[in-house]
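I opened this entry to keep track of what I looked up. My notes follow in the order I took them.

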Amino acid sequence: MDKFILGRYIPGQSLVHRLDPRSKLLAMFIYLLIIFWANNLLTNLILAGATLLMILASGIKLSFFFNGLKPMFALILFTTVFQLFFTRGGTVFLDWGLIKISDYSLAQAGLIFMRFILITCVSTLLTLTTPPLSLADAVESLLSPLKRFKVPVHEIGLILSLSLRFVPTLMDDATRIMTAQKARGVDFGEGNLLQRIRSTVPILIPLFASSFKRADALALAMEARGYQGGEGRSKYRVLKWQQADSSLILGLLMLAVLLFLLKTN
């Protein structure tokens, strides 16, 4: 758990790090839309190749990147098992009453697994290469037209930045709590599935208590510093859209056209 990288920021000077956070956020939204056009082997390979190129351009080692996402991969695999067992259609290979495995269910499970993996990789790459405060500024900037409709744009960006900021902190807290519980003789790996689930209770209760204490301390710290919301606040970090940002969006639009042409109808 101490190697979990989702929500962490890794400082760097790579091409991806230097991109405007607004372009990276827009690119992720475009990516989430076009990923549903990758519905066959060729389109998934193209999209996976594009994702790999983006990871390489970030300067982050592949071993570090994928080792940090192993817990997420295990969770995604567990989720897609249900798709494998309970999807109907196609030629049935195994029939165990309510559970049937067919070629169609295998294809659908593989497709969903690939989509989840790619989405996880891109969202993790975004947080690894973008400081939480810059990401909050990007959200606020992109949603600024909604201010006319009294939407609390600044508060939405603040909530997002705080959420991303405290994901690695909560992971560190969970690691410390697990270490303390193991020192007291708790074994999280013994027993059946139900016993293992029950063994997480000594982790969850202190983790919730620690989270509420951190939230209360953060609120007091913000009040002590005179925080009054986004009205009238100036910006220390000025976002600058450059040619590389336009090239990123243009490249993704070209990729979208290619996937649309190659997708299975």
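**Notebook: chain, patch, rings**

I began with burial: of the 265 residues in the chain, 32% are buried. The model I am reading is predicted.

Next I looked up the accessible surface. The chain has about 16,400 Å² of it, and carbon and sulfur atoms account for 68%.

Then I went through the elements. I found 11 helices and two strands. From the N terminus, the order reads α-α-α-α-α-β-β-α-α-α-α-α-α.

I also checked contacts between residues at least 6 apart in sequence. Of these, 71% join residues at least 24 apart.

**Surface patch**

Which residues form the nonpolar patch on the surface? I noted Trp 37, Leu 42, Val 257, Leu 258, Phe 260, Leu 261 and Leu 262. Together they have about 650 Å² of accessible area. Helix H11, residues 243-262, gives the most to this patch, with five residues.

I followed up on Leu 262, which sits in helix H11. Its relative accessibility is 32%, so I logged Leu 262 as partly exposed. That value falls between the cut-offs of 20% for buried and 50% for exposed.

**Aromatic pairs**

I counted two aromatic pairs in the structure. One of them joins Phe 65 and Phe 66. I read 5.4 Å centre to centre and 80° between the planes, an edge-to-face pair.

Notes
Residues numbered from 1 in each chain as written. Predicted model: local features only at pLDDT ≥ 70, side-chain atom pairs only at ≥ 80, totals over all residues. Heavy atoms only, no water. Patch = residues over 30% accessible without salt bridge, like charges linked within 9 Å, V, L, I, M, F, W, Y side chains within 5 Å. Areas by Shrake-Rupley, 256 points an atom, 1.4 Å probe, with all protein chains shown as cover. Salt bridge = Lys/Arg side-chain N within 4 Å of Asp/Glu carboxyl O. Helix = DSSP H or I, 4+ residues; strand = E, 2+ residues; numbered from the N terminus. Buried < 20%, exposed > 50% of the residue type's maximum accessible area, 1.4 Å probe, protein only. Phe/Tyr/Trp six-rings, centres within 6.5 Å; stacked < 30°, edge-to-face > 60°. Contact = heavy atoms within 4.5 Å.
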